[in-house]
Amino acid sequence: MNEPTSTPLVRVRDLVKHFPVENSGDVVRAVDGVSFDIFPGETLGLVGESGCGKSTVGKCLLRLIEPTSGSIEFEGSEMTDLGGRSLQRLRREMQIIFQDPYSSLNPRLSIFKIVSEPLKIHKIGSRSEQKERVAELLGKVGLDPRYMSRYPHEFSGGQRQRIGIARALALNPKLIIADEPVSALDVSVQAQVVNLMQDLQSELGLAYLFISHGLAVVEHISVRVAVMYLGKIVEVAESTDLYADPRHPYTRALLSAIPIPDPKVRRTRVVLSGDVPTPINPPSGCRFRTRCPEAQPKCAEVEPELREVAPGRFSACLFSEGYDEGRPFR
């Protein structure tokens, strides 16, 4: 892999998360061997259809749910081996912005208590210092510090998400998992929140894992993009390269669905047949083959690896140009 010169902030290898099916010997293969890197100060977009395992990857990174197997390194420390106070100390460096701003804020707590809660948990500052910090954070996200005595129901959806962002910034993290942070917001508000996140990234040097099924939003904010399908990553590339020249058939199908804001321009739509297979019993070989318009008999026999098909570009398709010569993602 042709990586940037800096050392990865997060290094994920062969991450697996299986959920047992009650009263059955089966498991749901939500995440089934995912590998990627996130570098300091960059945004890695993670996209795919609903149910492909995107949010599960983010929660495994934070150990909100425990991985079944695999390696998660943060600044060289193996997170899966940590517990107790060691894990709590490391969690100061990693925070999350949840998808739904309505359910992610406790309606019984004031904004001051919500945003200062991480400071209290980690025993940082006196009450007056915490109040100053909350005022500073509200100012950073574009809210009046005088609002800290109010409650979540007194704010709009976009304002609530700004409060969630302020809470995520409280401990000065290096990485933020943004789990579909704008999907519940109006389009005009989405743009405001995305622009706010970019401004904060420039100011604070944050790294983001930006999880979304909104491909246009991901293109706008991401440096690199990883595409997931049925628990696996099928393509990774820099954002400009992936949107200009997708190498995997699934990525091409996703991008063909993005509307073009020009009535005179028509995009050739790639319509996928059938439904997404069950993650309990995924297809043999390539998991996308049952819906792929380019599938060959070999696709049912060989499971493709995520391989480098061009410098810095990775695809898990047996028939991607350069696949046979490419190196596996390691």
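Q: What makes β10 and β12 a pair, and in which sense do they run?
A: β10 and β12 are joined by 2 bridges in the antiparallel sense. Two strands pair if DSSP finds at least two bridges between them, so β10 and β12 qualify with their 2 bridges. In β12, Phe-314 is the bridge partner of Val-236. The model is predicted: local features need pLDDT of at least 70 and side-chain atom pairs pLDDT 80 or more, while totals for chains, interfaces and linings use all residues. Residues are numbered from 1 along each chain as its sequence is written, and side-chain values use heavy atoms, with hydrogens and water left out.

Q: What makes the approach of the Arg-313 and Glu-235 side chains a polar contact?
A: The two side chains, of Arg-313 and Glu-235, come to 3.2 Å. A polar contact is a pair of N or O atoms within 3.5 Å; within protein, one must be able to donate a hydrogen and the other to accept it, and residues adjacent in sequence count only if both atoms are side-chain atoms. Arg-313 also touches other residues, among them Asp-241, Asp-245 and Arg-307, where contact means heavy atoms within 4.5 Å.

Q: What makes β10 mostly covered?
A: In β10, 6 of its 7 residues are buried.

Q: How do you know that β9 and β10 pair?
A: β9 and β10 share 6 bridges in the antiparallel sense. Met-228 stands opposite Ile-233 in β10. Their hairpin has 2 residues between the strands, and Leu-230 takes a positive phi near 50° there.

Q: Why is the pairing of the open sheet called mixed?
A: The 8 strands follow the order β6-β7-β8-β3-β9-β10-β12-β11. Strands of a sheet pair through backbone hydrogen bonds, either parallel or antiparallel.

Q: What makes β6 and β11 the edge strands?
A: Strands β6 (94-97) and β11 (307-310) each pair on one side only.

Definitions and conventions:
Helix = DSSP H or I, 4+ residues; strand = E, 2+ residues; numbered from the N terminus. Buried < 20%, exposed > 50% of the residue type's maximum accessible area, 1.4 Å probe, protein only. Lists of a residue's contacts leave out its neighbours within four places in sequence.
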